[in-house]
Amino acid sequence: MKAVVVEQFGGPEAMQLADRPEPVAGPGEVVVDVEFAGINFMDTGMRTNSMGNFQAPLVPGAEGAGRVRSLGPGVTEFSEGDRAAWAFVFGSYAERIVAATDTLVPVPEDISSDIAAAVMMQGLTAHHFTQEVAPLPAGTTALVHAAAGGVGQLVVQMLKERGVRVIGLVSRPEKKQAATDAGADHVLVTRDGDFVQDVLDLTDAHGVDAVFDNSDEHVFPATLKVLARSATVCWYGPLMGTGPVLPLAAIPRSARISYGVFMDHIATREHLLAHSNDLFNRIRTGTLSITTPQRYALADAAQAHRDIESRATTGKLLIDMSL
């Protein structure tokens, strides 16, 4: 089978299309024909080993959707031909993968595979933040960094469903429309934390009740300056620069800071199924809209990484195995 392989850590050019052995399912596992693989900033961290916890050679990717091809011993939860989606199944930039059944989510027939792949990693993250960490009531105000990005657009939509006023931040003027279409009430074009006065002006100096923040150590101090009393910061940006370091005494106005580690907010299979089923239901009923993902062939994974690292993209990027 074909897969994207990183033999040595480095830039996008480190990813090369190669032949790999056919995977074989062990006990409690299935082989899945990958239809779509999600492209995430985490994948660029795998490629560069920026977090220091990977070993080369490796196949990047951890998200996707496809059809079950074969079953390992003892598998009863899935049958051959069933559609499934996943997050945190490593090696997803490949035509086929092996996955433990407890990492897979059944995909309903009325949810397409590209949408299922697009919503797993980013959708589960956005859902956890908006429904568990910072379930803001109607009438409150939130600030959403990268509001035109994959997570950002989903966070905006989920906040608006709750009746929250949303201030979105984007890095380029051409991204404003995507954030507006997602439902943001105000969209600010900003770089390097120059949004503080604008946000305070929009909130009559009160500040915001929550911030959904993927910024690095250079921008994070600006986030702290726009917090209302007892506000919540949902931070999820370690692969987009160096994370902020601050003493506890520097946290202002009795604010709370949450760091979104995926394995913590999706701690059990019950969590995985509950969150993903609610996401699918929101898509089904039209309360959550997934913009048409940008698609790449498996052989073009390097270009996909160049594009996502350029910060010029909006919404979700996918590898489409049919291309």
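Predicted model: local features only at pLDDT ≥ 70, side-chain atom pairs only at ≥ 80, totals over all residues.
Residue numbers start from 1 along each chain as its sequence is written. Local features need pLDDT of at least 70, side-chain atom pairs count only at pLDDT 80 or more, and totals for chains, interfaces and linings use all residues, while side-chain values use heavy atoms, with hydrogens and water left out.

**Stop 1: strands 1 and 2.** Select Lys2 and Asp19. Their side chains form a salt bridge, 3.0 Å from N to O (a Lys or Arg side-chain nitrogen within 4 Å of an Asp or Glu carboxyl oxygen). Lys2 sits in strand 1 (residues 2-6) and Asp19 in strand 2 (residues 15-19), 17 residues apart. Strands are DSSP runs of E, at least two residues; helices are runs of H or I, at least four; both are numbered from the N terminus. The count of salt bridges is 13.

**Stop 2: helix 1 against helix 9.** Show residues 41-48 and 301-309. These helices pack at about 115 degrees, with axes 10 Å apart. Axes are lines fitted to C-alpha atoms over the stretch in contact, and angles run from 0 to 180 degrees between N-to-C directions. Contact means heavy atoms within 4.5 Å. Helix 1 brings Phe41, Asp43, Thr44 and Arg47; helix 9 brings His305, Ile308 and Glu309. By class, that is 2 nonpolar, 2 polar and 3 charged. Here Ala, Val, Leu, Ile, Met, Phe, Trp, Tyr, Cys and Pro are nonpolar, Asp, Glu, Lys and Arg charged, and the others, including Gly, polar.

**Stop 3: the loop between helix 1 and strand 4 (63-71).** Pick Asn49 in this loop. Its phi is near 55 degrees, a positive value in a non-glycine residue. Move on to Pro57, in the loop between helix 1 and strand 4. The Ala56 to Pro57 peptide bond is cis, with omega near 0 degrees.

**Stop 4: the largest cavity.** Select Ala118, Gln122, Gly149, Gly150, Gln153, Leu154, Ser289, Ile290, Thr291, Gly315 and Lys316, which line the largest cavity. About 90 Å³ lies inside. On a 1 Å grid over the protein atoms alone, a cavity is a set of points where a 1.4 Å probe fits but cannot get out; a pocket is an open set with protein on both sides within 12 Å along at least five of seven lines; lining residues have an atom within 4 Å of a point. Points join across faces, edges and corners, and volume is the space filled by probe spheres set on them. Helix 3 gives the most to this lining, 3 residues.

**Stop 5: the second largest pocket.** About 180 Å³ lies here. Among its lining residues are Phe88, Asp102, Phe262, Met263, Arg269 and Leu272. Helix 7 (262-265) and helix 8 (269-285) each give two or more residues.
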